[in-house]
Amino acid sequence: MIETDILIIGGGPAGMTAALKAADNSAQVIIIEKYHQLGGQLIKQTHRFFGSKKEQAGIRGIEIAKQLTNRIKEHENINVYTEATAQGYYEDGVLTVSHNNKFIKIKPKKIIVATGASEKMLGFENNDLPGVYGAGAVQTLMNLYGILPGERVIMVGAGNIGLIVSYQLLQAGVKVAAVIEASGKIGGYLVHASKIRRAGVPIYTNHSIKKAIGEKSVQAAEVVKLDDNWNEIQGSEKIIKADTICLAVGLRPLTDLLIQAGCEMAYIPELGGDVPIRDDNLKTTNNNIFVAGDSGGIEEATAAMLEGEIAGLKAVSEVGHIDSNIFTELKRLKDELKKLRSGPEGKVIRQGIKKARGDSNAGKNRYTHLR
Amino acid sequence: MRIKEHPVLEFKRDKEITFTYNGKKIKAYEGETIAASLYASGIRVLKASSKYERPRGLFCAIGNCSSCHMVVDGVPNVKTCITKVEQGMIVQEEVGKGDIID
């Protein structure tokens, strides 16, 4: 049995900042990470971040990942297990992990779940054909391994991810045949949309994909125009030639472990799906389990990093490393997060967070798997 | 196909190695995942779905979705999108649910 003050599940932006915050305040920290390196989805984000300077705006995700990873590697209070997957949480607070073909047990005082998200699927004929990828998969192949996902791509979804990945495909020399978007308007920032339009990529709003065409892998897609009520317009179908269909239709929080641990959950569409009920310190209904980043609700990496810091700091204060500065710092971080979520872009997130705090009438949707 | 030039990124490829896919020799670089090496060689079909045996390839590429399960050195259901390729590995397309005992 391995004992530690704080166990962090997931070494992405939220998990990394949580670990650093806790370890800087002299807690012993373990991070377990499924992949063979830290960084989460930052390791393939070649675009520069938005926001204020304090939140690392202007820096590429891959650079942020490198900086955080180096600080963690040098930190004597942090132990990292890569290629390690959490298997289950037990009532006595033990977490089991598979690592290097071994089953290990870790008993922490506090757990921070920062497991991130998985990509949403879209229902259409032949959506399981090779060549239909999630947008994140395209980024992994292209930006991490330098391998082209195909020669001609149809991007489904004109939110920020769809637009940014389209631009990254163009940078890598891949032809983007079209971006299609079911709603009547482009969801992502117009600065990204303009960039790809200038490069000659058409963005078709009010369009959806009807089926993928191909035997062993994608050769084309049939798209269809939608009316304002999202119904298909008969006769508007057209075939677009492409060997790759890239789905950028949103993300869903990865909360299996939180559900299994018996944390109270609620389905909150504003946050991307089922998320844990938590307070403003990111503590769930289990006194020893915190959540941070996309596993608590889909947002940008900047918010995930701030949440990680908040959860890390609060967890430290509860394992006996109390320093009066912690609470001043905690307040500063919460104010910063509040500022990040202010303004019209943060409206949906603010609504979702309010429900997830349990202080509106999300109550009727709350559930738990505890007896 | 591998990217040779990129405006933002530089790809430092480690030592060249080989492995087999359904008996065919495939070139790879140390540090890549099995699925990445296969895709670089133009191979997109990794397994057949367990019920209808439909071709399946990469979907999430980060170990979440199970669409890339293959038989690696005799072990079925290996997530090839997060498993690093090694010299001499025997990789096979997976059909069905993957038997551990022959």
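How many of the 18 residues of α7(A) are buried? I looked this up before anything else.

**Ground rules.** I am working with a predicted model, where local features need pLDDT of at least 70, side-chain atom pairs count only at pLDDT 80 or more, and totals for chains, interfaces and linings use all residues. Residues are numbered from 1 along each chain as its sequence is written, and chains are lettered from A and ligands numbered from 1 in the order in which they are written.

**Helix α7.** I found that 17 of the 18 residues of α7(A) are buried, so the helix is largely enclosed by the rest of the structure. Buried means that 20 or more other C-beta atoms, placed from the backbone, lie within 10 Å of the residue's own. I noted that α7 of chain A covers residues 301–318 and reaches 26 Å from first C-alpha to last, close to the 26 Å expected at 1.5 Å a residue. That expected span is 1.5 Å times one less than the number of residues. After α7(A) comes Gly320(A), with a positive phi near 100°.

**Chain A as a whole.** I read off nine helices and 19 strands in chain A. These are DSSP runs, numbered from the N terminus: H or I of at least four residues for helices, E of at least two for strands. Buried residues make up 50% of the 371 residues in chain A. The C-alpha trace of chain A spans about 65 × 45 × 40 Å along its principal axes.

**Where A meets B.** I saw 26 residues of chain A in contact with 28 residues of chain B. Contact means C-beta atoms, placed from the backbone, within 7 Å. The largest share of chain A's side, five residues, comes from α3(A).

Conventions:
Buried ≥ 20, exposed ≤ 12 C-beta atoms within 10 Å, placed from the backbone. Contact = placed C-beta atoms within 7 Å.
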